[in-house]
Amino acid sequence: MNETADRTVLVTGGSRGIGAGITSELVARGRRVACGYRANREAAEKLRADAPERVLPVHYDLADAGTATTVVDTVLEHWGALDALILNAGTWNGGKLSTMDPLEWWRVVELNIGGVAALARAALPALRASDDPSIVIVSSVIGVIGHAGDTAYASAKAALIGFARSLAKETGRDGLRVNVLAPGFVDTDMTAEVSAKARDGIERATVLGRFGTVPEIARAAVFLSEDATYCTGSVLTADGGWSI
């Protein structure tokens, strides 16, 4: 495990769901966390209230590429360094290809891959200056196995795997590790929209017979970010066996 207490990590989507769990897990390790939020600053401020010296709420919007440079500059101005990204923010909208609005289909793809690429690009100079830089991209097992009614989301999440592996090859000689976490079904506000019928089918298809929890996925993300020091271009499926 990386024991540097003043390690600085930027977590997008860090104020809710899996992201909030990642923020809390990093704070428990004594890390400094820039907690990214899009609209719910109040949730980010609640996390800061528990560790005011360790959590910095920062605004980041996948739909606004200009915020990528701004958020990196904010972190550097506040703490003077950026050691790791955990790119967790994403968007979902489902529907069969034959019925989903083409513009909405493309919006799901564009936001998920474009937002990750913009922030990774903006952060590269700062990460290259770190002694132990790391990027973790939170994809989804849906990007690995596919799912009916999710062609847009699956396309975006699969693209993130190709993006991460290509970036790993571009930056490996700089010491920058780039890995992917592909969670299975986790109970969060995002998955609350999934129908009871679909949830039942996913649970039956999951070998462990249950959904994942936020702390389980958060620990996996932090493992890739800090402990998996000989891994780059790797995809960790934390899905309870759904994909096998």
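Ser134 is buried, with a relative accessible area of 0%, where buried means under 20% relative accessible area, exposed over 50% and partly exposed in between, with a 1.4 Å probe and protein chains only. The structure is a predicted model, in which local features need pLDDT of at least 70 and side-chain atom pairs count only at pLDDT 80 or more, while totals for chains, interfaces and linings use all residues. Residues are numbered from 1 along each chain as its sequence is written, and side-chain values use heavy atoms, with hydrogens and water left out.

Ser134 lies in strand E5, residues 134-138; helices (H or I, at least four residues) and strands (E, at least two) are DSSP runs, numbered from the N terminus. With residues up to four places away in sequence not counted, Ser134 touches Arg7, Asp83, Ala84, Leu85, Leu127, Leu176, Arg177, Leu224 and Ser225, contact meaning heavy atoms within 4.5 Å. The side chain of Ser134 also reaches the backbone oxygen of Ser225 at 3.3 Å.

Asn93, by contrast, is partly exposed, with a relative accessible area of 27%, and is placed in the loop between strand E4 (84-87) and helix H4 (102-128). Not counting residues up to four places away in sequence, Asn93 touches Met100, Glu104 and Val108. The side chains of Asn93 and Glu104 are joined by a polar contact of 2.9 Å, that is, a pair of N or O atoms within 3.5 Å, of which, within protein, one must be able to donate a hydrogen and the other to accept it, residues adjacent in sequence counting only if both atoms are side-chain atoms. Between Asn93 and Glu193, which are 100 residues apart in sequence, the C-alpha to C-alpha distance is 9.7 Å.

For the protein chain as a whole, the secondary structure comes to 8 helices and 7 strands. The radius of gyration of the chain is 17 Å, close to the 18 Å that the globule rule gives for 244 residues, so the chain is as compact as a globular protein of that length; the radius is taken over C-alpha atoms, and the rule is 2.2 Å times the number of residues to the power 0.38. The C-alpha trace spans about 50 × 35 × 35 Å along its principal axes, and buried residues make up 50% of the 244 residues. Of the contacts in the chain with a separation of 6 or more, 70% are accounted for by residues 24 or more positions apart.
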